[in-house]
Amino acid sequence: MAEDPQTAPLLEIRDVSKMFGSVISLHEISTTVRAGQVTCVLGDNGAGKSTLIKILSGVHQPDHGRLFMDGRPIRLGSPRAALDAGIATVYQDLAMVPLMAVWRNFFLGSEPTKGWGPWRRFDGDEARRVTREEMLDMGIDIRDPEQPVGTLSGGERQSVAIARAVHFGARLLILDEPTSALGVKQAGVVLKYIVQARDRGLGVIFITHNPHHAYPVGDRFLLLKRGRSLGDFAKSEISVAELTRLMAGGAELEQLTHELERVGVEGES
Amino acid sequence: MSGIAVAGDERLARVGLFRRLLVKPELGSLIGAVVIFVLFASLSDVFRSKEGVANWLDPASTLGIMAVAVALLMIGGHFDLSAGVQVATAGITSGILTTYYGMNTWLALAVSLALVLGVGFLNGYLVMRTGLPSFIITLGMFLMLQGLNLGVTKLVTNTVQVNNFDKVSGYGALHAVLASTFTIAGTPFQIAILWWILVTIAGSYLLLKTRFGNWIFAVGGDRSASTNVGVPVRRTTITLFMLTSLAAWFIGNTQIVRLTSIQAQTGIGQELIYIVAAVIGGCLLTGGYGSAIGASLGALIFGMTSQGIVYAGWDADWFKFFLGAMLLLAVLANQFVRRYAETSRR
Amino acid sequence: MARMRAWTLAGALLPALALVACSSGNAVNKQTSTTAAGGSGKYGYKIAVVTHGAAGDAFWSIVKAGVQKGASDMGDNVSYESDGDPQKQAQLIDAAVNQKVDGLVVSMANPDALKGSIQRAISAGIPVITINSGQDKSKEFGALTHVGSNETLAGTAVGNQLKAAGVKNVVCVIHEAGNVALEQRCAAVKAALGGTTTNLQVDNNNLPAAGSTIKAKLQADKAVDGVVTLGGQVATVAAQAITDAGSPAKLATFDLNADVAKAVQSGKILFAVDQQPYLQGYLPVVMLTLYKANLNVLGGGQPVLTGPTLVTKDNAAQIEKLAAAGTR
């Protein structure tokens, strides 16, 4: 999908920095996300990805820099504030309670109610029905909405989390390493859900350390290394090989490859 | 997109009604209760007589009211070791304020309620604020209240008890509400049994049918996940501690009304029994799972066992051994049933 | 704004409420006379009292009251410590010896465990008086004398009294598992009664459940015609249990409190056996003071007995007031 420079991006991150004590976790990071597009945030461990997510989901506040939604400055003071702004975060641990049923998890924190006063109760029937429907919309038939979320497979759990975010009117979906703990086939399935969410008009921030997962679905790529930005590229501006090289630290990888060749191991060049 | 959607209906059929029932946390305790009943009923005909039933339902009811509150707290992921001594604090406060300081009975009850609710609030607040395990915080509170209960009682009364509560104004009404009996087929039953049933229903409704109940499961199951989706963790936790205190207030005043007096050392050791009843009822020690009905069944098992041993004529010196053995069996049976049910689900 | 108004209203109402609150006739337990009118003694001796009684125990609370009155009457500096664990009790005695007290009062539930510490005290020149239990070993350890009642004597008295009242089958209710003194009482009752005696275990910290247990026993065994309790607070619960079970059993108890005295008056409790714990606290303080000041020794080599005394319908009325004050 070609970028339309006329409308303001859904989310713009401008020169955001965050320090924890004397540790610089993020330094002047900038990128944008547009509705109906996927921006991938790439980086190895320790790059500052989780700090960035926490800032975008309202858990932390940036020390410097601003956030803009639809072109207007915005302050995300709490997870609730972020949710209200339409930013839904799917954490690595999925923010799901393993022992609770799927429908209970689906509506956790946003339970539908019926009745009023002391008779105000959690509308379980509605919750179960909606959960099943939303999951079907994503193309999954959860066998039994009563079963604890912990008994679902990794891919199924991701789908519940994404379906939840989509249902609650998220305009921007942030996915924290959704494919990292999954096998190849399951990861493929999750990537398909990401595309589905994108096609429904959401903006997606896809955080990962795997450029081969990121490249097929991404429209924009932000590379982080040790809290600093290595570049913010549109898809047309970079190839997957270049992405990998930048992430691994280009020159360092070449040197490592030469060393390995000398020892007698085939290196990838 | 149909990769996951394969064969949805065929898998649904397997998760039949039977398996669904087995997974319910209270089923294990129900089976345990039936087994214990059958055991003692076969050993003693008085146990299964109307008088016997009325007798063992009585300790089960007062234990059950506390067990439901403690179970809710445990599902929420916390322990309250001060629950037992709060019972004494509530009764002692009501007793001293009226019989030594002449306070109006209803006001004294209100003050006693405010006091234990304050203790509950403090427990919850400290747990949330410090991040220390609730086991430690409430253990400290337990020791402090134990000392206060005795110290204050001695200071005011010069003895270790507060008595003559039956002389206060309004005692008749209090007795009718908290300590009277109702008759079924000629046998008197304590009214606490009705209160117990009411509390169990209310507790179960709160847990399973309200938003707050959903939050209880969440906070106990995964605290950080709950925070991240916007569940009010602090408010939920403090409320749960205060609910335990509310139950303690009810039981403490029931006791002083029923016995017309209360000992300073009442309740010491009971806090562990509440936890045992909750665990028999299916509550996990780690939180996030359990049942109010199960906790009541756990209390029932405890009541039947402690009185059943007497009815069966077993040697008194071995009482604690039998009690412990019965409880272990009940918990293990519960565990076994649940494991079986869980594996069959996959 | 409305919130502020509500708070100010509450603030104005509260004093009025308090005024109304305290004007009812609820203060039935208010002490009108103080029993602690102090003596004018100026002896100033340092005495340590180390017992095995539990902190909240009704019986030992009265002992402590006696100790405190003795201290104020004599003008002595007296400390009261207790621990049910014999080893810890021995450590408390050692601590008192280190502080070079002028006198030591000890109760010996487990005499052998305390032997070493007591003899260290005596070698250090500290006179020792034993109270309550351990009467047999008192002289052997070198104590000045023993002040107390004999659990066996008391139990025998109870057994005899019940036998005279025609009781043949007794349930003896032990409210603290493993307590040596309580076991001795039941054993003595059994020996004196001649009929059947069975022990029953209940929890002192959960009296309503204790009542249910006693009621269960009476329902299960219709042959029981007597119940003996070993503490005043259990006696009142047992009286209710007997009524609820519709049992004709007679009730007797060791140790007193105001409710027991009242129940003896009304006939619900047949009699109570009292070993005057107040004396077990008061007398040793006085005796040690007089020994230090005047080398007086009471008893003539024999233990000074504080009981058993019987509380029956005849004297229950006067006893009740004293029990309410915590001295009997």
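Biologist: Taking two strands as paired if DSSP finds at least two bridges between them, which residue stands opposite I129(C) in β5(C)?

Modeller: I129(C) faces T145(C) there, with strands being DSSP E runs of at least two residues and helices H or I runs of at least four, both numbered from the N terminus. This is a predicted model, in which local features need pLDDT of at least 70 and side-chain atom pairs count only at pLDDT 80 or more, while totals for chains, interfaces and linings use all residues. Residues are numbered from 1 along each chain as its sequence is written, chains are lettered from A and ligands numbered from 1 in the order in which they are written, and side-chain values use heavy atoms, leaving out hydrogens and water.

Biologist: How many bridges join β4 of chain C to β5 of chain C?

Modeller: Three bridges link β4 (residues 128–131) of chain C with β5 (residues 145–148) of chain C, and these two strands run parallel.

Biologist: What order do the six strands of the open sheet in chain C have, and which are the edge strands?

Modeller: The order is β2-β1-β3-β4-β5-β11 in chain C, with parallel pairing. At the edges are β2 (77–82) and β11 (304–305) of chain C, each of which pairs on one side only.

Biologist: Staying in chain C, where is W60(C) placed, and is W60(C) buried or exposed?

Modeller: W60(C) belongs to helix α2 (residues 58–74) of chain C. Its relative accessibility is 7%, and W60(C) therefore counts as buried (buried is under 20% relative accessible area, exposed over 50%, partly exposed in between, with a 1.4 Å probe and protein chains only).

Biologist: Leaving aside neighbours within four places in sequence, what is W60(C) in contact with?

Modeller: With contact meaning heavy atoms within 4.5 Å, W60(C) touches T51(C), H52(C), G53(C), A54(C), Y80(C), S107(C), I131(C) and N132(C).

Biologist: Switching to chain A, how many helices and strands has chain A?

Modeller: Chain A has nine helices and twelve strands. Its radius of gyration is 20 Å, close to the 18 Å that the globule rule gives for 269 residues, so chain A is as compact as a globular protein of that length (the radius is taken over C-alpha atoms, and the rule is 2.2 Å times the number of residues to the power 0.38).

Biologist: Which residues of α1(A) are buried?

Modeller: They are K49(A), T51(A), L52(A), I53(A), I55(A) and L56(A). Six of the eight residues of α1 (residues 49–56) of chain A are thus buried, so this helix is largely enclosed by the rest of the structure. Just after α1(A), G58(A) adopts a positive phi of about 90°.

Key:
Pairing = 2+ DSSP bridges.
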